[in-house]
Amino acid sequence: MATEAIVTRGTGQWMEPATAQRWWFDSGSLALDFAYTGGLDHPEVEEWQTVRDPATLNAWLTERFPEVAPTAGERELRDARTLRAAIGRLARQASRGELLEPDDVDVVNLFAATPDIPPVLVGGGRQAGRTNARPHQALGSIARDAVRLFGPDVDGRIRECSADDCDLVYLDTSRSGTRRWCSMQRCGNRAKVRAHRARWSSRAARSDAATPAPRGPATEV
């Protein structure tokens, strides 16, 4: 995989389920991180809905894009929901090796064709363009990351967590391409605990089988 095909902005965010301790989930992609603010393709799961209104959208965008002015309103929120839902559905399809839905591809391409946040080399004496970027430019950057995410350079690297009770999707950016879990803090650790218990139980069973049964008292003839 060509790692330069992915936007280099930091990825990952805290997940805070209502019934469990919060944990860090690095999806490996800016676009996937954004899709998870709406539950990826599970919008009915309220605990994943971290961006619900213009205020939380502004907070998320300005955390990832400090150059963005927090001016998102209802219009930007509607557009953000449309984009993240399309990315979420495409991610699930890609993780299962399915054909990507053309309508969702069109949504991503539409946003990717809009102005994004241009790169800036610091140290110059003049300010080119706007001092602050607009929220829609951040959506354009997210969509362009999605274009790279679902393109041929990362084919086969979008996966579901290997845990039986977890279907979180991530981009495997490891050099070896052997990432199996959504997070080592969560499913990876649970798998290690289960494997340890299984090994302990197996050794205990072998030890019991090798121990001779106690003999009863000798009977006089």
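Residues are numbered from 1 along each chain as its sequence is written. Since the model is predicted, local features need pLDDT of at least 70 and side-chain atom pairs count only at pLDDT 80 or more, while totals for chains, interfaces and linings use all residues; side-chain values use heavy atoms, with hydrogens and water left out.

Take α2 (54-64) to start with; helices here are DSSP runs of H or I with at least four residues, and strands are runs of E with at least two, numbered from the N terminus. Its buried residues (under 20% relative accessible area, 1.4 Å probe, protein chains only) are P54, L57, N58, W60, L61 and R64. Viewed down the axis of α2, they fall within an arc of 170° (taken from the directions from the helix axis to the C-beta atoms), so they line one face of the helix. A55 and E63, both exposed (over 50%), sit on the face turned away from that buried side. The cover over the buried residues of α2 includes β1 (13-15), α1, α3 and α5 (135-149).

L40 counts as buried, at 4% relative accessibility.

Further along, α3 (residues 74-95) passes α4 (residues 102-112), their axes coming within 9 Å. The contact (heavy atoms within 4.5 Å) involves residues of α3 including L83, I87 and L90, and residues of α4 including V105, V108 and F111.

Note on methods:
Axes fitted to C-alpha atoms, helices over the stretch in contact; angles between N-to-C directions.
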